[in-house]
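Here is a short briefing on how one chain folds and packs. Please look over the sequence and the model before reading on.

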Amino acid sequence: MRHGKSFNHLGRTTSHRHAMLANMANSLILHKRITTTVAKAKALRQYVEPLLTKAKNDTTHSRRLVFSTLGQKEVLKELFDNVAAKIAGRPGGYTRIIKLSQNRLGDNAEMCIIELVDFNDTMLEAKNAGEAKATTRRSRRGGKKADATTTEGDSSAEVVAEAKPAKTAKAATTEVSAPEDTDTETLHNGETREEKAAE
């Protein structure tokens, strides 16, 4: 029985599953994003993120541990030289899964893209632009900063008196009159509107 075991076997034997996840991890590290099913992507995320964490510590021991799992020298070089430098400041969560709207045609499996977070340039640019815009913050209170910073001779009562007419002016401009009611006609015993209009 498999009570309480949340590990996804992906319908494969252990050796087949390890070989498949190693190949997918190699492709993800080399190409920075791959398209696969959601179930495989979730299994790959659990498989590859500990390897990325080990790559942040560039020692001979960590290189040997990662190589024993991945088994390709080119991938090892890419991981420890390029990828580890970009993920150095990130405390985890190195991958992102983006679900696709179109399912696979053969078996209707849910498809997704799994990618390394720090290598998606368009999302990084959008995030940086959003941080630049988010520096200004609006208050939900009625008075504006320009009204509050008046000359030193003005008292606070005068500032409040100036702010109140502005609010009432806004309320007056938003009033809209309702449309006039129209008369309705009652039809009797299967009578149509055209017959009623003819009378």
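This is a predicted model: local features need pLDDT of at least 70, side-chain atom pairs count only at pLDDT 80 or more; totals for chains, interfaces and linings use all residues.

Two strands count as paired if DSSP finds at least two bridges between them. The points below cover its sheet, its helix packing and its aromatic rings.

**Sheet**

- Three strands make up an open sheet, and their order is S1-S3-S2.
- The pairing in this sheet is antiparallel.
- Strand S1 covers 33-37 and strand S2 covers 95-99.
- From one strand to the next, the twist averages 25°.
- Strand S3 spans residues 111-116 and pairs with S1 over five bridges, in the antiparallel sense.

**Helix against sheet**

- Helix H1, residues 14-31, lies across S1, S2 and S3.
- H1 runs at about 145° to S1.

**H1 with H2**

- Two packed helices are described by the angle between their axes and the distance between the axes.
- H1 and H2 pack at about 80°, and their axes are 10 Å apart.
- An angle of 65 to 115 degrees counts as roughly perpendicular, so H1 is roughly perpendicular to H2.
- On the H1 side, the contact uses His 18, Met 20, Leu 21, Ala 22, Met 24, Ala 25, Leu 28 and Ile 29.
- On the H2 side, these residues meet Lys 40, Ala 43, Leu 44, Tyr 47 and Val 48.
- By class, the contact of H1 with H2 holds 11 nonpolar residues, one polar and one charged.

**H2 with H4**

- Helix H2 covers residues 38-55, and helix H4 covers residues 73-86.
- The axes of H2 and H4 come within 9 Å and cross at roughly 90°.
- H2 and H4 are therefore roughly perpendicular to each other.
- H2 contributes Leu 51, Leu 52, Lys 54 and Ala 55 to this contact.
- H4 contributes Leu 79, Phe 80, Val 83 and Ala 84.
- The contact of H2 with H4 has seven nonpolar residues, one charged residue and no polar ones.

**Rings and charges**

- What sits over the ring of Phe 119? The charged end of Lys 32 does, 5.1 Å from the ring centre.
- The charged end of Lys 86 also sits over the ring of Phe 119, at 4.8 Å from its centre.
- How many aromatic pairs does a search of the whole structure find? The search finds zero.

Terms used:
Residues are numbered from 1 along each chain as its sequence is written. Side-chain values use heavy atoms; hydrogens and water are left out. Rings of Phe, Tyr and Trp (its six-membered ring) pair if their centres lie within 6.5 Å; planes under 30 degrees apart count as stacked, over 60 as edge-to-face and the rest as tilted. A charge sits over a ring if NZ of Lys or CZ of Arg is within 6 Å of the ring centre and within 35 degrees of the ring normal. Helices (H or I, at least four residues) and strands (E, at least two) are DSSP runs, numbered from the N terminus. Axes are lines fitted to C-alpha atoms, for helices over the stretch in contact, and angles run from 0 to 180 degrees between N-to-C directions. Contact means heavy atoms within 4.5 Å. Angles under 35 degrees count as roughly parallel, over 145 as roughly antiparallel, 65 to 115 as roughly perpendicular and the rest as oblique. Ala, Val, Leu, Ile, Met, Phe, Trp, Tyr, Cys and Pro count as nonpolar, Asp, Glu, Lys and Arg as charged, and the others, Gly among them, as polar.
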